[in-house]
Amino acid sequence: MKSWCERKGQGEIGVIEHEGRSFAALGASVQDRHVTGYTRPSAGDIHLSTWCGKTMLACRSKIIDRYHDGSLVLMFRLTGCRFIVGYALGEKGMLFRGELVTGCDDDDAKDAARRIAYRFAELDAQDEYEFEASQAELERLLDIEYRCPKCGHEWQDQWTSACDSECPHCGLKDITALSWDEASD
Ligand SMILES: [Zn+2]
């Protein structure tokens, strides 16, 4: 596996080559007020690097909040009352997304950082929720009732679809489900 960077206009695109195929990854970039980079621990501080490890932002950083999943609310103090504030998924080699805020003091910057982090955390959680919901939809179980037309035996089964079954009593095959309901869990 090897990786390299390509310049694409203002942005940078990381490319991973793995088993003869190339995958483009999201690169570090500064567009308008939006800053994307990767976290890199450096002497007790967190810096931002480009996708291929070049230092992008090496001013003092401050962790404002740390969530239980390891993600962080970060603030970088620039000169002239400017800050870059945002949200990182972790402190080492993880994606940081943030914004440049200007003309404010530390407290304003912290508030802005929390707002941005909240927005991104919510977007991520929503993606996860939708993914889980779609998985649950695929894997939902049904309570299925069968009655054997030959011997009258009744039984229940749980499966993802109400398919034909075999009578456990007399062995008659291809018995169509009598009724089914979503299983309660
Ligand atoms: Zn039967």
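1. Glu182 lies in strand β14 of a predicted model. Strands (E, at least two residues) and helices (H or I, at least four) are DSSP runs numbered from the N terminus. Glu182 is exposed, because 9 other C-beta atoms lie within 10 Å. The terms work as follows: with C-beta atoms placed from the backbone, a residue is buried if 20 or more other C-beta atoms lie within 10 Å of its own, exposed if 12 or fewer, and partly exposed in between.

2. Leaving out residues up to four places away in sequence, Glu182 touches Arg140 and Leu142. Contact here requires that the C-beta atoms of two residues, placed from the backbone, lie within 7 Å. Glu182 and Gln158 are 24 residues apart in sequence, and their C-alpha atoms are 9.4 Å apart.

3. Strand β14 belongs to an open, antiparallel sheet of 3 strands in the order β13-β12-β14. Its edge strands, β13 (154-159) and β14 (179-182), each pair on one side only. The twist from one strand to the next averages 20 degrees, with axes fitted to C-alpha atoms and angles running from 0 to 180 degrees between N-to-C directions.

4. Strand β12 (residues 142-147) pairs with β13 in the antiparallel sense over 6 bridges; pairing requires that DSSP finds at least two bridges between two strands. Arg147 stands opposite Glu154 in β13. Strands of a sheet pair through backbone hydrogen bonds, either parallel or antiparallel.

5. Ala88 is found in strand β10 (residues 82-88). Is Ala88 buried or exposed? Ala88 counts as buried, because it has 26 C-beta neighbours inside 10 Å. Beyond four places in sequence, Ala88 touches Thr39, Ser71, Leu72, Leu74, Met94, Leu95 and Phe96. Ala88 and Gly37 are 51 residues apart along the chain, with their C-alpha atoms separated by 9.1 Å.

6. Over the protein chain there are 1 helix and 14 strands. Buried residues make up 21% of its 185 residues. Of the contacts with a separation of 6 or more, 35% join residues 24 or more positions apart.

7. On confidence: the mean pLDDT (the predictor's confidence in each residue, from 0 to 100) of the protein chain is 78, and 77% of its residues reach 70 or more. Over residues 11-19 pLDDT stays under 50, and the model has 35 contacts beyond four places in sequence for them. Residues 21-27 also have pLDDT below 50, with 16 contacts in the model beyond near neighbours in sequence.

8. Residues are numbered from 1 along each chain as its sequence is written. Local features need pLDDT of at least 70 and side-chain atom pairs count only at pLDDT 80 or more, while totals for chains, interfaces and linings use all residues.
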